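Work through the exercises below with the sequence and the structure beside you. Try each task before reading its solution.

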Amino acid sequence: MARVVVDVMLKPEILDPQGQAVQRALPRLGFDGISDVRQGKRFELEVDGPLDEAALARIHDLAESFLANTVIEDFTVRVEEAAEVAEAAK
Amino acid sequence: MSRTPLDTVEHATATPDVELPWAELGLKKDEYERVVEILGRRPTGAELAMYSVMWSEHCSYKSSKVHLRQFGEKAPESDALLVGIGENAGVVDVGQGYAVTFKVESHNHPSYVEPYQGAATGVGGIVRDIIAMGARPVAVVDPLRFGAADHPDTKRVLPGVVAGIGGYGNCLGLPNIGGEVVFDACYQGNPLVNAGAIGVMRHEDIHLAKASGAGNKVILYGARTGGDGIGGASILASETFDDAKPSKRPAVQVGDPFQEKLLIECTLEAFAEKLVVGIQDLGAAGLSCATSELASNGSGGMRVTLDDVPLRDSTLSPEEILMSESQERMCAVVEPGKVDRFLEICDKWDVIATVIGEVTDGDRLEIFWHGEKIVDVDPRTVAHDGPVYERPYARPDWQDALQADDAGKLPRPASGEELKDQVLKLVSSPNQASKQWITQQYDHFVQGNTVLAQPEDSGMIRIDEETGLGVAIATDGNGRYAKLDPYHGAQLALAEAYRNVATTGAKPLAVSDCLNFGSPEDPAVMWQFAEAVRGLADGCRQLGTPVTGGNVSLYNQTGEAAIHPTPVVAVLGVIDDVARRTPVAFQEEGQLLYLLGDTREEFGGSAWSQVIHDHLGGLPPQVDLEREKLLAEILISASRDGMIDSAHDLSDGGLVQAVVESALLGGKGARLIVPDGLDAFTFLFSESAGRAIVAVPRSEELRFTDMCGARGLPATRVGVVDGDTVEVQGEFALTLTELREAHENTIPSLLA
């Protein structure tokens, strides 16, 4: 078992109303010094079988076609460092 | 990162030979040459950005203008019209000191690319048009057209569009009271997402978009400006001026309905305190449009400091700022003494507001960036003197063959059993099936003034709690009819919307339209457009309902294949007391069903020909607008005097479709008798225009038939509200349970 993380963020030039709402709330709550907030989504995928190139390519496909709306969002795919995951799996 | 020098007016004058990417920005060679001629030098990058967006088809109406003039030239005399075509939206007097503004616009292309945000920002745009007139928005409507209901891409586009409309409208707290959903393969690669809105104000509160009075301040307020919708400008920015920039900006804008809600409240409060001289919303072409329109509609010029525009992305170039279509922004012109109060109100609503310039006594629009002049133009040349094309048009050679392919020759059902089978097929077909799965995703009743909403013939909103004064709106458009005959097809759309308003008891007053067509560069499409506009203008003159404004959407096509010509017509009506409205649903057993109007063998473009034979040919139903007027008068009188308890207009699907809808909504069946002189098939399926079916209480029968007789409107008794089946005597009977299952399951099973 391996864990792959897909991060999905709105493209930088796209308006992010949720991030803005968070940013506006910060000074009200006494947290100063944050000039911008962007909010995204993180997906953790537990992969059966070996995490080879084919598997990663498949995940890239599913991220592109399903997890992210590539018209307005960017995504990154990365493999979670295995140590902890492997430990937990035992 | 090396930046090329700023392209100032001075720089442009000094470097006349620099090649600008005018073609990439969508300008034609002769259009670019005209810009050079107007300016007497080459434009700067920023000027080119402004001209290119303002002279686009979308903003300049360059292909449609010569035809649209008919709406003004043929406009009927109407005391009700307070503001006509050309402003953000038309305004109509509805009595008791109230004025109503309404408009329909398209957001077709963005909704195909990104269904949720495309549709959502469509709602946002039309609502800002309404507030720019000084009115409080009270309702929205959404006429929609999608590809085949069972096509996989429809399942991508439709739920996104519906969720986007619902999401934005519901967040704004605006009830969605009407519209349509139509499926046809011709819209597969090009869905039509039209959005309409209604606003209410007192007569004295009407505001117009103009900037007058030298020294008055120009205030930009609302959301920050980002890189939304500037595909064109980025070409300018990246390929010519600064190669380090990302070369492709998305054309998609993301809306923020909560920001829009703040904008509504803040704008209306500023209006109420009479702080505003002129106002303009920022939609297509953003600041380019707002500054040039405000300046050219006013008396003087304008000077703008672009550095003062609040940005979401500090790397934007001046060209991009001018072209950005970031949502939820407005531009107001305010007298200097009132600026502080205006900013205070904005601050109270948490809306960012910035003085970006002022009105000057010259006649130039000057825009500065880092202290240097980058735009120096006559704003009228940008906003109003765009190119005008007399595009060639010609009746397509296939039109005769299409019209000769008469739907009357199609095989008809021969037995009661076959009729029954076809009735079930009809009422369960995607176009005729219940759209509740879709419309239930919209909030119909927020604000508590909704009197009627889908699936009624028209949406109705109460605007005065004391007197019960209300307005009704219906939108209609049948692309199949318009394909067969664009002139009469457009009139049929008008007639149907007009009839729908009258059926609910309201008096039709005015028209807005959204004209959706293919490419104007195709003479066949241009002919369809010219014919439809001519038909609509003639029809409006005859019905006495002026066109108050609207929108043209061209280039709706995939490759060579254009959509059916689809003029969507919205008719607005007024009702003195909404308690007198007439609903669609059958109310009481024993009431008599009367068919009003004449039924002929008319099946061209009909729902029956589509559902049973997948056929489109022949001629659409005849149009008789004098008859429509008479029918409307009868329906309104009958509603006011309590002579009818329910009414339904007959249109696509014919009488049987109308009866089934009334029966299912009322939970009461009907026994129908085929009247003398008609066969059962024609009686049930014909789509002759100028008809309605009404339920008359027995006590009112004589009074009602006398009225129809005296006014010369054919009224035929065709049955009675009764039982829990829809029965056509001697032919077949269907239980309400069977009908409900057929009618209500189709859309959820295809799309849910």
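**Exercise 1. Find how many residues of chain A are in contact with chain B, and describe the interface.**

Step 1. Counting as a contact any heavy atoms within 4.5 Å, we find that eight residues of chain A touch 13 residues of chain B. This is a predicted model, in which local features need pLDDT of at least 70 and side-chain atom pairs count only at pLDDT 80 or more, while totals for chains, interfaces and linings use all residues. Residues are numbered from 1 along each chain as its sequence is written, chains are lettered from A and ligands numbered from 1 in the order in which they are written, and side-chain values use heavy atoms, with hydrogens and water left out.

Step 2. The size of an interface is often given as the accessible area lost when the parts come together. With buried area taken as the accessible area (1.4 Å probe) that two parts lose on being put together, summed over both, chain A and chain B bury about 1,100 Å², and 57% of this lies on carbon and sulfur atoms. Of the area that chain A buries against chain B, 51% comes from Glu13(A), Leu15(A) and Val71(A), more than from any other three residues.

Step 3. The side of chain A that touches chain B has five nonpolar residues, two polar ones and one charged one, where Ala, Val, Leu, Ile, Met, Phe, Trp, Tyr, Cys and Pro count as nonpolar, Asp, Glu, Lys and Arg as charged, and the others, Gly among them, as polar.

**Exercise 2. Find how many salt bridges there are between chain A and chain B, and how many over all chains.**

Step 1. Side chains of opposite charge can pair when their charged atoms come close. The rule asks for a side-chain nitrogen of Lys or Arg within 4 Å of a carboxyl oxygen of Asp or Glu.

Step 2. Between chain A and chain B the count is zero, whereas the structure holds 46 salt bridges over all chains.

Step 3. One of them pairs Glu344(B) with Arg341(B), whose closest N and O atoms are 2.8 Å apart. Both residues lie in helix H13 (residues 339-348) of chain B, three residues apart, which is about one turn of the helix.

**Exercise 3. Describe the order of elements in chain A and its overall extent.**

Step 1. Helices (H or I, at least four residues) and strands (E, at least two) are DSSP runs, numbered from the N terminus. Chain A has three helices and three strands, and from the N terminus on they follow the order β-α-β-α-β-α.

Step 2. Along its principal axes the C-alpha trace of chain A spans about 50 × 35 × 15 Å.

**Exercise 4. Locate two backbone features of chain B, at Pro455(B) and at Ala285(B).**

Step 1. Most residues other than glycine have a negative phi, and most peptide bonds are trans.

Step 2. Gln454(B) and Pro455(B) are joined by a cis peptide bond, with omega about 5°, and Pro455(B) sits in the loop between strand S14 (450-452) and strand S15 (459-462) of chain B.

Step 3. Ala285(B), a residue other than glycine, has a positive phi near 70°, and its place is the loop between strand S8 (278-281) and helix H11 (286-297) of chain B.
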